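Take a look at the model, and then I'll walk through the contacts.

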Amino acid sequence: MAIKNVEYGLDKIFEGAQDFLPLLGTDYVELYVGNAKQAAHYYKTAFGFQSLAYAGLETGLRDRTSYVLQQQKIKLVLTTALKAESPIGEHVKKHGDGVKVIALWVDDARAAFLETTKRGARPYLEPTEERDEHGVVVRSGIYTYGETVHMFIERKAYSGVFLPGFKPWVSEYNPPSVGLKFIDHMVGNVGWGEMNTWVNWYESVMGFVNFLSFDDKQIHTEYSALMSKVMSNGNGRIKFPINEPAKGKKRSQIEEYLDFYEGSGVQHIAVATDDIIETVSALKARGVEFLPPPPQSYYNEVPSRLGIHKSQFKEDIETLKDLSILVDADEEGYLLQIFTKPVEDRPTLFFEIIQRMGARGFGAGNFKALFESIEREQALRGTL
Ligand code: FE2
């Protein structure tokens with residue numbers, strides 16, 4: 001892997017990535033849920049999202065309701081079915097609440113559809129123009145792993161609040177933000193032996209590169225193991241690690257996910273903050289549940305494990321310990337991260353909060369401590 005100099009602000013340019021599909025960033029993430037009104041309340045109250053837009057019966061829809069929430073660059077769409085006979089309802093019945101759409105912001109949604117489908121992508125939505133008094137949006141979509149979809153969103157001729165068909169959602173209930181800024185990466189769990197299929201798919205269909213890999217020798221505990229490869233688009237703004245389970249003495253967290261999601265899907269959404277101590281303190285105060293802390297020895301070993309003297313951390317290690325925030329490092333710096341418990345009753349989708357202090361990795365040094373923590377949770381659920 002070769003990384004050129006930083007050219008576009010924080011972006012890294014990956015050689016080997018192809019630019020037939022220029023992606024400007026993540027546009028939105030849409031979850032299909034059982035009750036979008038209550039889910040929206042949860043993400044506002046617990047995670048500090050702000051009300052942005054709404055579509056439903058009042059805007060002329062008959063089959064669904066969607067609430068759009070925003071926090072800095074992150075847009076979360078929560079959609080629920082209004083009738084039993086509905087692809088949205090079927091999705092929720094099978095998978096529970098989960099990510100349906102990872103929408104990618106593009107300059108040309110028609111070209112994105114053409115370029116990916118001619119490379120073998122399965123179509124989900126043919127290029128479609130939608131317009132209202134604020135202009136026009138072109139959307140198209142393709143399937144990725146499981147029933148998950150990538151939508152391409154072209155909004156250069158649109159000035160409305162979200163998409164045509166949505167009205168601004170003005171609410172009197174506006175809990176403050178917790179400082180979540182943008183989506184750092186989104187991880188997919190795929191079935192046994194399928195990781196390389198999807199790595200190849202992201203390479204050949206999307207022009208991504210595989211820039212980090214972890215095998216089951218690196219990611220294992222006494223009981224379980226997994227393999228992971230991280231895919232990135234050319235400008236480094238879109239990063240999708242892909243996990244598959246590996247054989248261990250007991251059932252790994254990836255198998256648990258696949259069993260309860262009933263297939264491949266998004267495992268976690270990692271969101272970036274500039275001040276993880278403030279963000280995590282606020283999230284905890286608002287009732288967000290995080291994985292149990294690593295063993296106490298973890299924090300004593302941080303400086304020696306990472307080869308970084310305590311004084312080189314901007315943060316006080318005692319404070320990180322009090323909040324159970326994990327620390328990892330690579331040649332370029334360190335990172336701080338913490339993982340929520342699943343945000344629904346099925347042990348499926350969860351969130352990661354991450355603050356990068358130069359490091360570009362994904363916390364491989366924490367995998368063991370993290371997975372042992374997850375295994376303790378699995379044991380309580382009887383799914384280890
Ligand atoms: Fe992650």
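Start with Phe-47. It is buried, at 0% relative accessibility. Keep in mind that this is a predicted model.

Who is its partner? Phe-47 forms an aromatic pair with Tyr-43. The centres are 5.6 Å apart, with 35° between the planes. The pair is tilted because that angle falls between the limits: under 30 degrees would be stacked, over 60 edge-to-face. Tyr-43 has a relative accessible area of 4%, so Tyr-43 is buried, the cut-off being under 20%.

That is one pair. How many aromatic pairs does a search of the whole structure find? The count is 24.

Next pair: Tyr-202 and Phe-240. Their ring centres lie 5.5 Å apart. Their planes meet at 55°, so this pair is tilted. Buried or exposed, these two? Tyr-202 and Phe-240 are both buried.

Now, where do they sit in the chain? Tyr-202 is in helix 4, residues 195–204. Phe-240 is in strand 13, residues 239–246.

Last, charges over rings. Which ring does Arg-119 lie over? Arg-119 lies over the face of Phe-20, 3.4 Å from the ring centre. Then there is Lys-247. Its charged end sits over the ring of Trp-192, at 4.2 Å from the centre.

That's the tour. Over to you.

Notes. Residues are numbered from 1 along each chain as its sequence is written. This is a predicted model: local features need pLDDT of at least 70, side-chain atom pairs count only at pLDDT 80 or more; totals for chains, interfaces and linings use all residues. Side-chain values use heavy atoms; hydrogens and water are left out. Rings of Phe, Tyr and Trp (its six-membered ring) pair if their centres lie within 6.5 Å; planes under 30 degrees apart count as stacked, over 60 as edge-to-face and the rest as tilted. Buried means under 20% relative accessible area, exposed over 50%, partly exposed in between (1.4 Å probe, protein chains only). Helices (H or I, at least four residues) and strands (E, at least two) are DSSP runs, numbered from the N terminus. A charge sits over a ring if NZ of Lys or CZ of Arg is within 6 Å of the ring centre and within 35 degrees of the ring normal.
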